[in-house]
Amino acid sequence: MRPLEGYSVVELGMWVAAPAAATMLADWGADVVKVEAPTGDPNRYTLKHVGQDIDSEPPFESDNRGKRGIVLDLRSEEGKDVLERLLERADVFVTNLRPGALERLGLAPDELRARHPRLVVGTLTGYGWVGPERDRAGYDVSAFWARPGIAAMLNPAGEPPPGIRPGLGDRMAASNLVAGVLAALLLRERTGEGGVVDVSLLRSGTYANGTDLALQNFFGKRGRTRPRTEHESPLYNSYRTADDRWFWLVGLEGNRHWPGILKALGREDLAEDERFATGKARRGHVRELIAAFDEEFAKLPLAEWAQRFDAEGVWWAPVQTLAEVAADPQAEAVGAFVEQPGMGDAPPLRTVATPVSFWGVDDKPRSGAPTLGEHTDDVLRELG
């Protein structure tokens with residue numbers, strides 16, 4: 001039995017964050033009804049938004065599997081009435097509409113809780129429900145990466161911020177929302193009362209950036225992001241091999257990991273060099289040590305270094321391409337990928353699993369993403 005069997009969820013979401021949260025709940029057993037406007041979730045057309053003439057939408061399918069999809073025009077009284085009847089029987093309402101939009105629709109959390117006291121309302125906004133910018137549009141690149149300072153920390157000072165891959169902040173915020181919803185359901189078991197779970201991309205981003213913000217708050221300045229040739233810990237740095245592959249050394253505990261790294265390199269003599277003999281000395285000569293490592297690591301291909309590292313207990317990881325990740329036997333072993341049914345008549349789709357597994361439970365997707373309005377008639381019949 002899946003953990004959320006018997007729970008009912010209504011999703012009024014678009015793009016990634018709230019739909020991804022609802023997909024986790026669906027994978028874990030909840031009955032999720034996705035409500036879309038007649039034009040559909042704009043994430044259905046992601047590739048067309050960037051000029052590609054293609055009907056397939058793998059990102060949308062990944063973030064909307066296992067749901068039943070209905071179309072409602074919430075500008076009409078009939079549409080509002082159907083949504084209200086769905087919420088009467090629901091345990092959870094998940095949405096990432098902005099506060100002002102929900103208020104105009106009569107769906108603000110306090111209004112919903114007044115009408116449905118057992119309902120758990122999970123809202124995921126860009127900038128929260130209070131403050132002067134609560135209705136500012138927030139995508140993960142703006143509210144999760146840029147505003148909380150993450151983008152400014154990824155490159156050394158003075159360099160432009162790097163390109164940001166899509167959906168990373170959305171999925172972290174989605175996981176936060178799911179955790180909050182589950183906690184609210186546990187509280188309802190004890191009190192009989194629902195509650196409001198308030199997650200924002202901004203707060204999720206500041207939490208993700210918590211280490212650097214803790215240093216900023218304490219010292220009044222940021223930690224320096226250095227070029228790799230000047231990294232403050234050469235044992236915790238990236239290096240290139242003879243076959244033009246990159247890997248990361250993960251010698252975070254410098255003195256503990258130092259001997260094994262030198263043995264794997266065949267350069268135990270570096271331990272006698274006064275520039276590198278102690279952690280403090282190495283910190284004062286990072287450029288020289290990184291240069292020495294660069295010279296050594298460039299002599300052999302990655303496969304040979306992998307054997308040496310593993311033989312000496314060196315902590316490391318290859319910098320993999322997406323194609324390598326998709327074929328990684330360890331990722332496959334931990335269940336990182338699943339095959340889900342295709343949307344409509346589309347073929348099955350291999351995609352990512354949710355980040356949690358339950359031992360002894362089959363939590364593979366039970367159905368694909370719904371086509372636009374696919375289950376409208378079925379759900380309306382259920383409502384009478």
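## Strands and how they pair

Two strands count as paired if DSSP finds at least two bridges between them. Helices (H or I, at least four residues) and strands (E, at least two) are themselves DSSP runs, numbered from the N terminus. With that in hand, look at Thr125: this residue stands opposite Ser200 in β6. Thr125 belongs to strand β5 (residues 120-125), and 6 bridges join β5 to β6, the two running parallel.

A word on what you're looking at: this is a predicted model, where local features need pLDDT of at least 70 and side-chain atom pairs count only at pLDDT 80 or more, while totals for chains, interfaces and linings use all residues. Residues are numbered from 1 along each chain as its sequence is written, and side-chain values use heavy atoms, with hydrogens and water left out.

## The protein as a whole

The protein has 18 helices and 11 strands. Along the principal axes, its C-alpha atoms fill a box of roughly 80 × 50 × 45 Å. Of the 384 residues, 44% are buried; buried means under 20% relative accessible area, exposed means over 50%, and partly exposed is in between (1.4 Å probe, protein chains only).

Taking contacts between residues at least 6 apart in sequence, 69% join residues at least 24 apart.

## The six-stranded sheet

What is the strand order in the open sheet of 6 strands? Reading across, it goes β3-β2-β1-β4-β5-β6, with parallel pairing. The edges are taken by β3 (67-71) and β6 (195-200), each with a single partner strand, so one side of each has no neighbour in the sheet. From one strand to the next, the twist averages 20 degrees. (Axes here are lines fitted to C-alpha atoms, for helices over the stretch in contact, and angles run from 0 to 180 degrees between N-to-C directions.)

Further along the sheet, strand β1 (residues 8-12) is joined to β2 by 4 bridges, and these two run parallel. Val9 stands opposite Val32 in β2. Strand β2 (residues 31-36) has 5 of its 6 residues buried, so the rest of the structure largely encloses it. In a regular strand, side chains alternate between the two faces of the sheet.

Helix α9 (residues 168-191) lies across β4 (92-95), β5 and β6, and runs at about 160 degrees to β5.

Helix α1 (residues 17-27) is mostly covered, with 11 of its 11 residues buried. Among them are Thr23, Met24, Leu25 and Asp27. Just after α1 comes Gly29, which takes a positive phi of about 115 degrees.

## A cavity and a pocket

Grid points are joined across faces, edges and corners, and a volume is the space filled by probe spheres set on the points. The whole structure holds 1 cavity of 30 Å³ or more, and the largest cavity has about 30 Å³ of space. Its lining is Leu4, Tyr7, Val9, Leu25, Ala30, Val92, Val181 and Leu185. That makes 8 nonpolar, no polar and no charged residues, where Ala, Val, Leu, Ile, Met, Phe, Trp, Tyr, Cys and Pro count as nonpolar, Asp, Glu, Lys and Arg as charged, and the others, Gly among them, as polar.

The second largest pocket has a volume of about 750 Å³. It is lined by 24 residues, with Met153, Asp212, Arg224, Thr225 and His231 lying nearest its centre. Helices α8 (150-154) and α11 (210-219) each supply at least two lining residues, and α11 gives the most, with 5. By class, this lining has 9 nonpolar, 8 polar and 7 charged residues.

## Two residues to look up

Neighbours within four places in sequence aside, Glu296 is in contact with Leu265, Arg267 and Trp305.

Ala281 sits in helix α13 (residues 279-284) and counts as buried at 17% relative accessibility. Not counting residues up to four places away in sequence, Ala281 touches Glu274, Arg275 and Phe276. Ala281 and Ala331 are 50 residues apart in sequence and 39 Å apart in space, C-alpha to C-alpha.

Note on methods:
Contact = heavy atoms within 4.5 Å. 1 Å grid on protein atoms, 1.4 Å probe; cavity = no way out; pocket = protein on both sides within 12 Å on 5 of 7 lines; lining within 4 Å.
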